[in-house]
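Please keep the sequence and the model side by side while reading.

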Amino acid sequence: MVNMNVNLGGLFMKNPVTTASGTFAAGMEFADFVNVGDLGAVTTKGVSLHGWEGNDAPRIAETASGMLNSIGLQNPGVAHLKDVELPWLAEQGARIIVNVSGHSIEEYREVIYALEDTPADAYEVNVSCPNVDAGGMTMGCDPALVSKVVETCRQATLKPLIVKLTPNVTDITEIAKAAVAAGADALSLINTLLGMAIDAHTRRPKLARVVGGLSGPAIKPVALRMVWECYKVTSVPILGMGGIATAEDAVEFMLAGATAVAVGTANFTNPHASIHVVRGIERYCREHGVEDVNELVGGLLC
Ligand SMILES: Cc1cc2nc3c(=O)[nH]c(=O)nc-3n(C[C@H](O)[C@H](O)[C@H](O)COP(=O)(O)O)c2cc1C
(Lines give C-alpha, C1' and ligand atoms only; values in the text may rest on other atoms or scores of the structure.)
Protein backbone atom coordinates (compact mmCIF):
# COMPACT_ATOMS: atom_id res chain seq x y z
CA MET A 1 0.00 0.00 0.00
CA VAL A 2 1.27 3.45 -0.92
CA ASN A 3 0.27 6.45 1.21
CA MET A 4 -1.16 8.91 -1.31
CA ASN A 5 -2.47 11.52 1.20
CA VAL A 6 -0.99 15.00 0.99
CA ASN A 7 -1.51 18.20 2.94
CA LEU A 8 -1.62 21.26 0.71
CA GLY A 9 -1.37 24.09 3.22
CA GLY A 10 -4.17 22.74 5.40
CA LEU A 11 -6.18 21.18 2.57
CA PHE A 12 -6.07 17.42 3.13
CA MET A 13 -6.23 15.55 -0.17
CA LYS A 14 -6.59 11.76 -0.57
CA ASN A 15 -4.06 11.92 -3.41
CA PRO A 16 -1.94 14.72 -4.90
CA VAL A 17 -4.01 15.31 -8.05
CA THR A 18 -6.49 18.09 -8.82
CA THR A 19 -7.76 19.68 -12.02
CA ALA A 20 -6.42 22.98 -13.35
CA SER A 21 -8.96 25.78 -13.14
CA GLY A 22 -10.84 26.45 -16.38
CA THR A 23 -10.09 23.08 -17.97
CA PHE A 24 -12.61 20.91 -16.10
CA ALA A 25 -15.48 23.34 -15.36
CA ALA A 26 -16.82 21.95 -12.06
CA GLY A 27 -16.55 18.38 -13.29
CA MET A 28 -20.19 17.75 -14.28
CA GLU A 29 -19.32 17.41 -17.97
CA PHE A 30 -16.64 14.87 -17.03
CA ALA A 31 -18.91 12.70 -14.89
CA ASP A 32 -19.00 9.93 -17.53
CA PHE A 33 -15.21 9.67 -17.41
CA VAL A 34 -14.08 10.56 -13.90
CA ASN A 35 -15.60 9.99 -10.47
CA VAL A 36 -14.63 13.38 -9.09
CA GLY A 37 -14.60 11.98 -5.56
CA ASP A 38 -11.61 9.83 -6.57
CA LEU A 39 -9.46 12.91 -7.28
CA GLY A 40 -7.46 14.66 -4.59
CA ALA A 41 -9.63 17.72 -5.28
CA VAL A 42 -11.54 19.46 -8.05
CA THR A 43 -10.49 23.03 -8.80
CA THR A 44 -13.36 24.96 -10.33
CA LYS A 45 -13.30 27.58 -13.11
CA GLY A 46 -12.46 31.10 -11.92
CA VAL A 47 -15.48 32.78 -10.38
CA SER A 48 -16.22 36.47 -9.96
CA LEU A 49 -18.90 38.27 -7.97
CA HIS A 50 -21.18 38.78 -10.98
CA GLY A 51 -21.13 36.89 -14.26
CA TRP A 52 -18.54 37.83 -16.90
CA GLU A 53 -19.18 37.34 -20.62
CA GLY A 54 -15.54 36.80 -21.49
CA ASN A 55 -13.76 37.94 -24.64
CA ASP A 56 -14.87 37.94 -28.27
CA ALA A 57 -14.41 34.83 -30.42
CA PRO A 58 -12.25 33.30 -31.74
CA ARG A 59 -10.69 32.76 -28.35
CA ILE A 60 -9.04 29.36 -28.76
CA ALA A 61 -6.24 28.53 -31.19
CA GLU A 62 -4.31 25.29 -31.50
CA THR A 63 -0.50 25.47 -31.60
CA ALA A 64 2.21 22.85 -32.18
CA SER A 65 2.22 21.40 -28.65
CA GLY A 66 -0.44 23.27 -26.77
CA MET A 67 -3.26 25.74 -27.08
CA LEU A 68 -3.75 29.47 -26.86
CA ASN A 69 -6.83 30.80 -25.12
CA SER A 70 -8.27 34.21 -24.45
CA ILE A 71 -11.48 33.11 -22.74
CA GLY A 72 -11.25 36.13 -20.44
CA LEU A 73 -12.51 34.48 -17.25
CA GLN A 74 -16.05 33.96 -18.56
CA ASN A 75 -18.25 32.63 -15.74
CA PRO A 76 -21.86 32.85 -14.55
CA GLY A 77 -20.99 34.43 -11.18
CA VAL A 78 -20.64 33.23 -7.62
CA ALA A 79 -24.39 32.74 -6.94
CA HIS A 80 -24.62 30.15 -9.72
CA LEU A 81 -21.55 28.32 -8.40
CA LYS A 82 -23.14 28.21 -4.93
CA ASP A 83 -26.55 27.08 -6.15
CA VAL A 84 -25.57 24.52 -8.78
CA GLU A 85 -21.96 23.33 -8.90
CA LEU A 86 -20.87 23.30 -5.27
CA PRO A 87 -23.84 21.22 -4.02
CA TRP A 88 -23.22 18.72 -6.84
CA LEU A 89 -19.50 18.46 -6.04
CA ALA A 90 -20.28 18.00 -2.33
CA GLU A 91 -22.76 15.23 -3.19
CA GLN A 92 -20.00 13.43 -5.13
CA GLY A 93 -17.74 13.57 -2.08
CA ALA A 94 -15.19 15.79 -3.84
CA ARG A 95 -12.71 18.06 -2.09
CA ILE A 96 -13.35 21.48 -3.59
CA ILE A 97 -10.87 24.22 -4.43
CA VAL A 98 -12.67 27.31 -5.73
CA ASN A 99 -10.62 29.46 -8.08
CA VAL A 100 -11.36 33.10 -7.22
CA SER A 101 -11.00 36.02 -9.61
CA GLY A 102 -11.76 39.72 -9.39
CA HIS A 103 -11.59 43.00 -11.28
CA SER A 104 -10.49 44.74 -8.10
CA ILE A 105 -9.10 43.80 -4.69
CA GLU A 106 -12.53 44.37 -3.12
CA GLU A 107 -14.11 41.92 -5.56
CA TYR A 108 -11.79 39.09 -4.40
CA ARG A 109 -12.90 39.76 -0.84
CA GLU A 110 -16.60 39.83 -1.78
CA VAL A 111 -16.32 36.53 -3.67
CA ILE A 112 -14.67 34.88 -0.65
CA TYR A 113 -17.30 36.27 1.73
CA ALA A 114 -20.00 34.85 -0.54
CA LEU A 115 -18.36 31.41 -0.38
CA GLU A 116 -17.62 31.15 3.33
CA ASP A 117 -20.81 29.23 4.17
CA THR A 118 -20.44 26.75 1.27
CA PRO A 119 -18.69 23.37 0.95
CA ALA A 120 -15.66 25.09 -0.67
CA ASP A 121 -12.66 23.54 1.15
CA ALA A 122 -10.04 26.00 -0.07
CA TYR A 123 -9.59 29.03 -2.29
CA GLU A 124 -7.16 29.37 -5.15
CA VAL A 125 -6.70 33.09 -5.70
CA ASN A 126 -5.90 33.82 -9.33
CA VAL A 127 -3.77 36.97 -9.33
CA SER A 128 -3.50 36.95 -13.14
CA CYS A 129 -6.65 39.06 -13.42
CA PRO A 130 -6.56 42.59 -14.87
CA ASN A 131 -6.98 45.29 -12.23
CA VAL A 132 -9.51 47.88 -13.40
CA ASP A 133 -8.30 50.29 -10.71
CA ALA A 134 -4.84 50.26 -12.31
CA GLY A 135 -5.66 50.53 -16.01
CA GLY A 136 -6.05 46.81 -16.57
CA MET A 137 -2.57 45.86 -15.40
CA THR A 138 -2.24 42.21 -14.33
CA MET A 139 -2.18 42.18 -10.53
CA GLY A 140 0.17 39.21 -10.33
CA CYS A 141 3.07 41.05 -11.96
CA ASP A 142 3.55 43.47 -9.06
CA PRO A 143 4.69 42.12 -5.66
CA ALA A 144 3.05 45.06 -3.82
CA LEU A 145 -0.33 44.43 -5.46
CA VAL A 146 -0.03 40.69 -4.83
CA SER A 147 0.58 41.45 -1.15
CA LYS A 148 -2.55 43.60 -1.02
CA VAL A 149 -4.74 41.00 -2.72
CA VAL A 150 -3.47 38.19 -0.48
CA GLU A 151 -3.72 40.25 2.74
CA THR A 152 -7.30 41.16 1.87
CA CYS A 153 -8.23 37.54 1.13
CA ARG A 154 -6.41 36.35 4.27
CA GLN A 155 -8.51 38.68 6.41
CA ALA A 156 -11.67 37.33 4.79
CA THR A 157 -11.17 33.63 5.56
CA LEU A 158 -9.57 30.97 7.72
CA LYS A 159 -9.88 28.37 4.94
CA PRO A 160 -6.65 27.37 3.15
CA LEU A 161 -5.55 30.10 0.76
CA ILE A 162 -3.65 28.99 -2.32
CA VAL A 163 -2.22 31.83 -4.39
CA LYS A 164 -1.91 31.14 -8.12
CA LEU A 165 1.03 32.84 -9.78
CA THR A 166 1.50 34.06 -13.32
CA PRO A 167 4.68 33.05 -15.15
CA ASN A 168 4.66 36.33 -17.10
CA VAL A 169 7.20 38.00 -14.81
CA THR A 170 10.98 38.30 -14.74
CA ASP A 171 11.50 36.71 -11.33
CA ILE A 172 8.67 34.54 -10.01
CA THR A 173 10.38 34.06 -6.64
CA GLU A 174 9.82 37.75 -5.78
CA ILE A 175 6.08 37.33 -6.30
CA ALA A 176 6.07 34.00 -4.45
CA LYS A 177 7.79 35.53 -1.42
CA ALA A 178 5.34 38.46 -1.38
CA ALA A 179 2.37 36.06 -1.45
CA VAL A 180 3.73 33.93 1.39
CA ALA A 181 4.60 36.97 3.53
CA ALA A 182 1.03 38.23 3.07
CA GLY A 183 -0.48 34.97 4.35
CA ALA A 184 -0.66 32.40 1.55
CA ASP A 185 -0.91 28.82 2.87
CA ALA A 186 0.23 27.41 -0.47
CA LEU A 187 1.25 28.57 -3.94
CA SER A 188 0.03 27.25 -7.25
CA LEU A 189 1.91 27.69 -10.49
CA ILE A 190 1.94 28.23 -13.36
CA ASN A 191 -0.89 30.04 -15.09
CA THR A 192 -0.66 30.37 -18.88
CA LEU A 193 2.26 32.02 -20.69
CA LEU A 194 1.45 34.97 -22.94
CA GLY A 195 1.66 34.15 -26.64
CA MET A 196 0.09 34.75 -30.03
CA ALA A 197 -0.62 32.92 -33.27
CA ILE A 198 -0.93 34.28 -36.81
CA ASP A 199 -2.60 32.86 -39.91
CA ALA A 200 -0.05 33.48 -42.68
CA HIS A 201 -2.69 33.14 -45.41
CA THR A 202 -5.15 35.70 -44.06
CA ARG A 203 -2.42 37.75 -42.31
CA ARG A 204 -4.73 37.92 -39.34
CA PRO A 205 -4.22 36.93 -35.71
CA LYS A 206 -5.87 33.63 -34.79
CA LEU A 207 -7.38 35.13 -31.61
CA ALA A 208 -9.76 38.10 -31.68
CA ARG A 209 -7.74 39.70 -28.88
CA VAL A 210 -4.48 38.87 -30.70
CA VAL A 211 -2.68 37.80 -27.51
CA GLY A 212 -3.68 34.85 -25.33
CA GLY A 213 -2.39 32.34 -22.79
CA LEU A 214 -0.38 29.32 -23.91
CA SER A 215 -0.92 26.02 -22.08
CA GLY A 216 -0.18 22.33 -22.64
CA PRO A 217 3.02 20.29 -23.10
CA ALA A 218 4.89 23.27 -24.61
CA ILE A 219 5.00 25.06 -21.25
CA LYS A 220 6.07 22.12 -19.06
CA PRO A 221 9.81 22.92 -18.96
CA VAL A 222 9.06 26.55 -17.97
CA ALA A 223 6.62 25.39 -15.28
CA LEU A 224 9.06 22.83 -13.86
CA ARG A 225 11.77 25.47 -13.64
CA MET A 226 9.46 27.89 -11.82
CA VAL A 227 8.21 25.26 -9.35
CA TRP A 228 11.81 24.34 -8.56
CA GLU A 229 12.79 28.02 -8.11
CA CYS A 230 9.85 28.70 -5.77
CA TYR A 231 10.41 25.47 -3.82
CA LYS A 232 13.96 26.61 -2.99
CA VAL A 233 12.92 29.99 -1.56
CA THR A 234 9.55 29.44 0.14
CA SER A 235 8.34 27.30 3.01
CA VAL A 236 4.74 26.66 1.89
CA PRO A 237 3.59 23.69 -0.22
CA ILE A 238 3.27 24.10 -3.99
CA LEU A 239 0.54 22.97 -6.37
CA GLY A 240 2.41 22.45 -9.66
CA MET A 241 0.91 22.60 -13.12
CA GLY A 242 1.72 23.34 -16.73
CA GLY A 243 1.55 20.68 -19.42
CA ILE A 244 0.93 17.69 -17.16
CA ALA A 245 -0.59 14.88 -19.23
CA THR A 246 0.84 11.71 -17.67
CA ALA A 247 1.82 10.36 -14.25
CA GLU A 248 5.46 10.68 -15.22
CA ASP A 249 4.94 14.42 -15.84
CA ALA A 250 3.30 14.67 -12.40
CA VAL A 251 6.18 12.85 -10.69
CA GLU A 252 8.63 15.26 -12.33
CA PHE A 253 6.72 18.21 -10.79
CA MET A 254 6.80 16.54 -7.37
CA LEU A 255 10.54 15.92 -7.65
CA ALA A 256 10.96 19.63 -8.49
CA GLY A 257 9.13 20.51 -5.25
CA ALA A 258 5.38 20.28 -5.82
CA THR A 259 3.31 18.67 -3.04
CA ALA A 260 0.32 18.33 -5.39
CA VAL A 261 -0.27 18.70 -9.12
CA ALA A 262 -3.06 19.85 -11.44
CA VAL A 263 -4.01 18.37 -14.80
CA GLY A 264 -5.18 21.07 -17.22
CA THR A 265 -5.18 21.20 -21.01
CA ALA A 266 -4.74 17.39 -21.12
CA ASN A 267 -8.40 17.11 -20.03
CA PHE A 268 -9.45 18.42 -23.44
CA THR A 269 -7.69 15.67 -25.37
CA ASN A 270 -8.20 12.88 -22.83
CA PRO A 271 -11.11 13.29 -20.41
CA HIS A 272 -9.70 10.41 -18.31
CA ALA A 273 -6.33 12.18 -17.91
CA SER A 274 -6.76 13.30 -14.28
CA ILE A 275 -7.73 9.88 -12.94
CA HIS A 276 -5.06 8.18 -15.07
CA VAL A 277 -2.49 10.46 -13.42
CA VAL A 278 -3.75 9.45 -9.93
CA ARG A 279 -3.41 5.73 -10.73
CA GLY A 280 -0.11 6.22 -12.54
CA ILE A 281 1.52 8.02 -9.60
CA GLU A 282 0.50 5.16 -7.31
CA ARG A 283 1.92 2.64 -9.79
CA TYR A 284 5.17 4.64 -10.05
CA CYS A 285 5.51 4.61 -6.26
CA ARG A 286 4.96 0.83 -6.07
CA GLU A 287 7.47 0.19 -8.85
CA HIS A 288 10.08 2.44 -7.25
CA GLY A 289 9.62 1.25 -3.65
CA VAL A 290 8.13 4.59 -2.53
CA GLU A 291 5.82 3.94 0.44
CA ASP A 292 4.65 7.52 0.89
CA VAL A 293 4.06 9.84 -2.08
CA ASN A 294 5.37 12.76 0.02
CA GLU A 295 8.86 11.23 -0.27
CA LEU A 296 8.87 12.46 -3.87
CA VAL A 297 8.45 16.13 -2.95
CA GLY A 298 11.68 17.97 -3.70
CA GLY A 299 13.43 14.66 -4.35
CA LEU A 300 15.34 15.93 -7.37
CA LEU A 301 18.93 14.68 -7.34
CA CYS A 302 21.40 17.28 -8.55
C1 LIG B 1 -9.33 27.29 -21.42
C2 LIG B 1 -8.57 27.64 -20.18
C3 LIG B 1 -9.20 28.37 -19.17
C4 LIG B 1 -8.50 28.70 -17.99
N5 LIG B 1 -9.15 29.39 -17.00
C6 LIG B 1 -8.48 29.66 -15.83
C7 LIG B 1 -9.15 30.32 -14.75
O8 LIG B 1 -10.35 30.61 -14.80
N9 LIG B 1 -8.42 30.61 -13.63
C10 LIG B 1 -7.09 30.26 -13.52
O11 LIG B 1 -6.47 30.53 -12.48
N12 LIG B 1 -6.45 29.61 -14.52
C13 LIG B 1 -7.11 29.31 -15.67
N14 LIG B 1 -6.46 28.62 -16.67
C15 LIG B 1 -5.06 28.22 -16.49
C16 LIG B 1 -4.95 26.75 -16.07
O17 LIG B 1 -5.62 26.53 -14.84
C18 LIG B 1 -3.46 26.31 -15.94
O19 LIG B 1 -2.83 27.13 -14.99
C20 LIG B 1 -2.71 26.41 -17.26
O21 LIG B 1 -3.52 26.06 -18.35
C22 LIG B 1 -1.44 25.55 -17.26
O23 LIG B 1 -1.73 24.19 -17.12
P24 LIG B 1 -1.92 23.17 -18.38
O25 LIG B 1 -0.77 23.42 -19.31
O26 LIG B 1 -1.90 21.81 -17.79
O27 LIG B 1 -3.23 23.51 -18.99
C28 LIG B 1 -7.14 28.29 -17.85
C29 LIG B 1 -6.53 27.55 -18.87
C30 LIG B 1 -7.22 27.21 -20.02
C31 LIG B 1 -6.52 26.41 -21.08
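Strand β6 (residues 60-63) pairs with strand β7 (residues 66-69) in the antiparallel sense over four bridges, where two strands count as paired if DSSP finds at least two bridges between them. Helices (H or I, at least four residues) and strands (E, at least two) are DSSP runs, numbered from the N terminus. This is a predicted model, in which local features need pLDDT of at least 70 and side-chain atom pairs count only at pLDDT 80 or more, while totals for chains, interfaces and linings use all residues. Residues are numbered from 1 along each chain as its sequence is written, and side-chain values use heavy atoms, with hydrogens and water left out.

With two residues between them, β6 and β7 form a hairpin, and β7 also pairs with strand β18 (residues 211-215).

| Strand pair | Sense | Bridges | Facing residues |
|---|---|---|---|
| β7 and β18 | antiparallel | three bridges | N69 and G213 |

Elsewhere in the account come two helices. Helix α4 (residues 172-181) packs against helix α5 (residues 220-233) at an angle of about 45°, with their axes 9 Å apart; axes are lines fitted to C-alpha atoms, for helices over the stretch in contact, and angles run from 0 to 180 degrees between N-to-C directions. The two helices, α4 and α5, are therefore oblique to each other, since angles under 35 degrees count as roughly parallel, over 145 as roughly antiparallel, 65 to 115 as roughly perpendicular and the rest as oblique. In α4, I172, T173, A176 and K177 meet M226, E229, C230 and V233 of α5, contact meaning heavy atoms within 4.5 Å.
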